[in-house]
Amino acid sequence: MSGAIPAEIQVGEELPGRAHTPDNVALFMYNAALWNPHRIHFDLPYATEVEGYPGLVIAGPLMGDWLGECVDEWITDRAMLVMLEYSNRQAAFIGETLSAGGVVEAIDTGTGEVSLDLYIKNEAGEVITPGKAIVRFDE
Amino acid sequence: MSGLLSPELLANIGKTELPRTEVVTRRDIRKYAIATDQRQRKYLDGDEAPPLFHVALFWDVVERDELTPDGVSIDKLLPKFPLERAMAGGLNIRYHDKIRAGDTLIGTRTLTDIYEKEGRSGPLIFYEVVLEVVRDDATAVITQTTTRILR
């Protein structure tokens, strides 16, 4: 099988990406959707005084959602998401703006697969959640 | 290697939970799509699930007395480890098919590996849990490997 990767996709191409500034309402809805009652996400006195965090902790898997969205909005319905992986390396807190983005890392015209290098960066530009994805363009 | 992992502990590799069956509703997809800041209509309307929806669908639902005071549920698939402070975790998700409203999905978790590595400030324990998600007609949907590190 040969792939059908559009010619305009080149190694080094940057994904449009998106910045997120989750507030308490967003974090509440996310943890409610999960049914996750972990106090560090909603109980500010507990998060700061007991756990010693500077604020309410943004849930780690939510960063995975933003990476998935970043890929998804770039491929639209042109390709299938085959693999997504990420690793939460550093915590983030309510009030921060976090940017999801990525770049085309490799193109395999034989399989139609494109590998992407992904990241969530904080306002200091540090990568707090690196990730990777593979998408497949089928004929 | 500091020998933290006893044969008894390693004997837990391969342990599997009872499969869990969950029905995907449009309402749950819509809630998840809004909560995760999605912009595509297929997600916001609940036709199709965003890529990490299964994380919510198979999140453990436990009774109140099974929660620790900080609101965390104890993962019964895991043995008691000699290191307990959790560090970064990683997820690798392989997609075989999309999830849509009306699907009945069966999720099975297996503890697939436990190993030890020497970190910069002492020994680390790694473990891996694989979640296999299939549709009720046995079609493969998702294979997810979670790796966690304890120090």
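T110(B) lies in strand β3 (residues 104–119) of chain B, strands being DSSP runs of E of at least two residues and helices runs of H or I of at least four, both numbered from the N terminus. The model is predicted, with local features requiring pLDDT of at least 70 and side-chain atom pairs pLDDT 80 or more, while totals for chains, interfaces and linings use all residues. Residues are numbered from 1 along each chain as its sequence is written, chains are lettered from A and ligands numbered from 1 in the order in which they are written, and side-chain values use heavy atoms, without hydrogens and water.

The side chains of T110(B) and T16(B) form a polar contact of 3.1 Å (a pair of N or O atoms within 3.5 Å; within protein, one able to donate a hydrogen and the other to accept it, with residues adjacent in sequence counted only if both atoms are side-chain atoms). Beyond four places in sequence, the contacts of T110(B) (heavy atoms within 4.5 Å) include L77(B), E128(B) and V130(B).

Y127(B) is located in strand β4 (residues 122–135) of chain B. Y127(B) counts as buried because its relative accessibility is 9%, the cut-off being under 20% relative accessible area (1.4 Å probe, protein chains only). L78(B), 49 residues away along the chain, has its C-alpha atom 9.1 Å from that of Y127(B). L78(B) is also among the contacts of Y127(B), as are F81(B) and L150(B).

Technical notes:
Buried means under 20% relative accessible area, exposed over 50%, partly exposed in between (1.4 Å probe, protein chains only).
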